[in-house]
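Subject: Structure handover

Hello,

Here is the structure for your files. My notes follow below it.

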Amino acid sequence: MNIAVIGTGYVGLVTGTCFAETGINVVCVDIDKKKVDMLRNGEVPIYEPGLDALLERNIDKGRISFTTNLQKAIKDCDAVFIAVGTPPDEDGSADLKYVLGVAREIGQHMEDYKVIITKSTVPVGTSYKVKTAVEEELVNRGVRIPFDVASNPEFLKEGSAVDDFLKPDRIVVGVESKRAEKVMKRLYKPFLMNGHPLLFMDIFSSEMTKYAANSMLATKISFMNDIANLCELVGANIDLVRKGIGSDTRIGNKFIYPGTGYGGSCFPKDVQALVRTADEYGHSLEVLKAVEAVNYRQKTTLVEKIKKHFGENLKGKQFGMWGLAFKPKTDDMREAPSLVIIEQLKAMGANIRAYDPVAMEEAKRILGDSIEYAKDEYDVAIDADALIVVTEWSEFRMPNFRILEKLMNEHTIFDGRNIYDPEEMEEIGFNYYSIGRSAIKVEESAQV
């Protein structure tokens, strides 16, 4: 079976590479020649564990190739995946210009039956806009070529995308004809043989499923963050509360860890887009509007704790920051809490030295020279008045606190991911602030 994947961003590259791993012949298309040249050489432009080895293997096997020529790529394919970006517009709605631009180009060049599949996260009804765009181009050409549209939303988690694709919880496909369903069943046959559920539904429901899933997960995160803040006020411990509610099978123990708010390319964009879609239909999604508000406020939580400890004027204060990416195992800094924290601390006169295991280059691209960049986690702590933990990378979980003690000006940690034990921090003599747990302050005379 032959497929084309249009767009070699996060979704497109993972999709194309993983389909190639199942034995399908894949051609990936991108307008960026530099990126295409990199990919042909097996160089992965994003950080995603396991993707580089998978890509290299399938290039060597001849199952995946890369081109800037869409016309050539779709000539002999059975299905075309549209996996280009859908960035948020100023009003929060998804910008479909790239998706519809690809659809028109497909209509300009297709010569026989295709299933045209939206893999990009798109609002409900987008597949039919794609269909209209293709039909208009066929009319302009004066030809009648049969085709179907389908929706196949991705459910990939950054940091575990390869496993998510190859071992999915479920595969959701929206189709409008039996012919398209047959093609999609053939495409996903390797997954059916491994027992992974393939759920067929109408296209509107498929498109809605993606937004509803991400919005539900974002809701769980914001709910727990709100409860964590209340725990601090009433004297409860969010760690114990989390265990208490997580043992309820109706709730579960995933996405109920408090922190500094969600970020990345999916949750913020998808919640905004769903809220905007509802507004367009005259329906206000009040719960999701609250989710957004809580999430933004949560990104400032550590800053508020810092202000209470040091005061409003941070001029001359040196802060070390562990973690810049919005989550571990990725270099993605889109909507990352670190950006809000850095912006607010800089506005109060603070100096920041940061370290992230993989996101340093991305941070330099976004932040330039507005902060200092450390060579490792201990370099961050040199002369620091406080350490701020923003991303829970595994290498931050068990640091040598005696080394930190010697390097830092003041022994204070603001832990945005609750990765340390408050009692242990008290024993070793650190002022310790976390999320949803009582702050532990140690008098200077008690410090070693």
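Start with Arg402, which counts as partly exposed at 40% relative accessibility. Partly exposed lies between the two other classes: buried is under 20% relative accessible area and exposed is over 50% (1.4 Å probe, protein chains only). Arg402 forms a salt bridge with Glu405, and their closest N and O atoms are 3.0 Å apart. A salt bridge here is a side-chain nitrogen of Lys or Arg within 4 Å of a carboxyl oxygen of Asp or Glu. Glu405 counts as buried, at 9% relative accessibility. The two residues are three apart in helix H17, so about one helical turn separates Arg402 and Glu405. Elsewhere, salt bridges with shared partners link Lys33, Asp37 and Arg40 into one network.

A word on the source. This is a predicted model, in which local features need pLDDT of at least 70 and side-chain atom pairs count only at pLDDT 80 or more, while totals for chains, interfaces and linings use all residues. Residues are numbered from 1 along each chain as its sequence is written, and side-chain values use heavy atoms, with hydrogens and water left out.

The whole structure has 27 of them. One joins Arg250 to Asp248, with 2.7 Å between the closest N and O atoms. Arg250 is exposed, at 74% relative accessible area. Asp248 is partly exposed, at 22%. Another joins the side chains of Lys307 and Glu312 (3.8 Å, N to O). Glu312 is exposed, at 56%.

Now the strands. Helices (H or I, at least four residues) and strands (E, at least two) are DSSP runs, numbered from the N terminus. Strands pair if DSSP finds at least two bridges between them. Strand E13 (residues 412-415) is covered on both faces. Thr412 and Phe414 are buried on one side, Ile413 and Asp415 on the other. E13 pairs in parallel with strand E12 (residues 386-389) over three bridges. Three bridges also join E13 to strand E14 (residues 431-433), again in parallel. Which residues stand opposite Ile413? Leu387 does, and in E14 the bridge partner is Tyr432.

E12, helix H17 (residues 401-407) and E13 make a right-handed β-α-β unit. So do E13, helix H18 (residues 422-428) and E14. Right-handed means that, with the strands pointing away from the viewer, the path from the first strand over the helix to the second runs clockwise.

Best wishes
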